[in-house]
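Subject: Handing over the structure

Dear colleague,

I am passing on the structure that you asked to look through, and below it you will find what I found in it. Please keep the structure open beside the text while you read.

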Amino acid sequence: MSNAFTDDRLKEECGVLGIYTPEQDAARIAFFGLFALQHRGQESAGIAVSDGSRVRMHRGMGLVNQVFGPGELEQLPGHLAVGHTRYSTTGASVLRNAQPIYCQSQVGEIAVAHNGNLINARELRIELEAEGEHFETTNDSEIIARILIRNIEKGPEAAVREVMKRARGAYSCTALTPRCLIGFRDPSGIRPLVAGRHGDGYMIASETCAFGPVGGTPEWELDAGEMVIIDSNGMRISKGHQKEPGGMCLFEFIYFARPDSVMYETLLYSARERMGMQLAREHECDADIVVPVPDSGIPAALGYSKVSKIPFREGMTKSRYIHRTFIAPDQQLRELGVRMKLTPLIDHIKHQRVVLVDDSIVRGTTTKQIVKMMFDCGAREVHVRITAPPIKFPCFYGIDMASKGELASSRMTVDELCKEIGATSLGFLSEEGAVASVGRSTDNFCLACFNGKYPIPVPGDMTKLAFENPPVTGEMAAVVGGQPKLIRES
Ligand code: SF4
């Protein structure tokens, strides 16, 4: 679902979480942990828990605080929990596809929360159906859940190894059986996953920023192809599959992850500041103020200002309360476009030569609106500086951006794009500059949307709605574990 307010920015994919605690309040901890991962997905949220014998689950459409209240949490007693916030990349944005995904068989039950995208989902689903599996959702995460449950009798390590043997693509997952919490990361390590402690228990999350608010301490950034198993014997980390080409999505560092998260032992705020510094070295300009597009552009704009010696100045404020909405705005609101989210500080902009720092250009429509807003406020010049290389190729590993033909940098040269967005000048950070700002070598990253070198080969017919047949609407049973409860999709 595109944002209703004509925002063409990249959409984060999903956030996952896992809690193992001695008390019966894992759902409450997961609830607060999911707040810290809300930026990774706002379409649906869910928590599954286990009290040691039975798995219960609640999930729904919307933000974490729209899906859960005290009543829902009370109905989820247990010392193990997995949680999920979703932005859909495979499968429509409907309640049936909300996560965690629950699967039951004669040998047990499992709930899985997945961040990423499988690129061999179609063939795997056909294979599994031929092996007797019946699918209830249209998203690729159920494939992971079904492989796990088919193999869980052999033990969690063996079940995860089977997933890693068969599934190709990006997947960072948390999962629970009645007595065991599991976390694992795909062999290319595209999406992040970190494990740590929570009091006398343990915690797993997409990002380190989820630990602090619930009193946890992040300790182990899982390596590509690694898994963590937590049960009554404690926590053990083991290799599930040898490392394969690829690495962390560079956009996690540029934009997706929260600036207070740490990845590759680097605070993302600092990495973004260094990207801005490098951008100033690569694309100098003569201007009066450096203005960030909030919020993600702020550390980079500070970095640009530091190196260029051009003063940093806030040029717009961002509404904190406009979220993705399931109600399309009317035409009048649509025409207001980006102003629904960003309000200019006219006195700061008027008569100024502005360096406008932002994190990416996808289709170019949002940037064009922001540049126009700057000129409408009286800016004399608007020099756009982007803290990422041009996006020329679509992502198949869990980021919803656009098809190749819709990507502005795929269709236009930098000069043509500069004219298209109406800017005075335009400069992108180089691939080398972005990578060096994180402090790791190129082979630690996925850079496919910039250079077209997909570390995991992608079939030609990949689409987000690959399994939408028949289309799904309406109501779904969303609490499992014996007593399904009907939740109406809003
Ligand atoms: S293709 Fe781009 S957005 Fe997708 S995982 Fe790779 S770097 Fe990230």
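How many bridges join β5 to strand β6, and in which direction do the two run? There are 5 bridges between β5 and β6 (residues 108-118), and these strands run antiparallel. To see one of these pairings, look for Y102, whose bridge partner in β6 is A111. Before going further, please bear in mind that this is a predicted model, and that everything below was computed from that model.

The chain as a whole

The protein chain has 490 residues, of which 61% count as buried, and its secondary structure comes to 16 helices and 25 strands. Among the contacts in the chain with a separation of 6 or more, 71% are between residues 24 or more positions apart.

The antiparallel sheet

The strands β5 and β6 belong to an open sheet of 6 strands, which has the order β5-β6-β7-β8-β12-β13 and antiparallel pairing. At its edges are β5 (101-105) and β13 (234-239), each of which pairs on one side only, and the twist from one strand to the next averages 20°.

Two helices are found against this sheet. Helix α5 (residues 141-151) lies across β5, β6, β7 (169-177) and β8 (180-185), and runs at about 140° to β6. Helix α6 (residues 156-166) also packs on the sheet, where it touches β7, β8, β12 (226-231) and β13, with a direction that makes about 30° with that of β8.

The parallel sheet

Another open sheet is formed by 4 strands in the order β17-β20-β21-β22, and here the pairing is parallel. Because β17 (289-292) and β22 (425-428) stand at the edges with a single partner strand each, one side of each is left without a neighbour in the sheet. The twist in this sheet averages 20° from one strand to the next.

Strand β20 (residues 353-358) is joined to strand β21 (residues 381-386) by 6 bridges, and the two run parallel. Within this pair, R353 stands opposite E381 in β21, and V355 stands opposite H383 in β21. Helix α12 (residues 365-376) packs on the sheet by touching β20 and β21, and its direction makes about 150° with that of β21. Towards β17, there are 4 bridges that join β17 to β20, again with the strands running parallel, and in this pairing P292 stands opposite V357 in β20.

Why can β20 be called largely enclosed by the rest of the structure? The reason is that 6 of the 6 residues of β20 are buried, where buried means under 20% relative accessible area.

The crossing in which α8 passes α9 is right-handed. On the α8 side the contact is made by Y269, R272, E273, G276, M277, L279, A280 and R281, and on the α9 side by I298, P299, A300, L302, G303, Y304, K306, V307 and S308.

One is A300, which has its place in helix α9 and counts as buried because its relative accessibility is 2%. Not counting residues up to four places away in sequence, A300 touches R272, E273, G276, V357 and T387. Between A300 and Y269 there are 31 residues of separation in sequence, while their C-alpha atoms are 8.4 Å apart in space.

The other is S305, which is also found in helix α9 and counts as buried at 12% relative accessibility. Leaving aside its neighbours within four places in sequence, S305 is in contact with V290, I310, P311 and F312.

With best wishes

Notes: Residues are numbered from 1 along each chain as its sequence is written. This is a predicted model: local features need pLDDT of at least 70, side-chain atom pairs count only at pLDDT 80 or more; totals for chains, interfaces and linings use all residues. Side-chain values use heavy atoms; hydrogens and water are left out. A crossing is left-handed if the near helix is turned anticlockwise from the far one by less than a right angle, and right-handed if clockwise. Contact means heavy atoms within 4.5 Å. Two strands pair if DSSP finds at least two bridges between them. Axes are lines fitted to C-alpha atoms, for helices over the stretch in contact, and angles run from 0 to 180 degrees between N-to-C directions. Buried means under 20% relative accessible area, exposed over 50%, partly exposed in between (1.4 Å probe, protein chains only).
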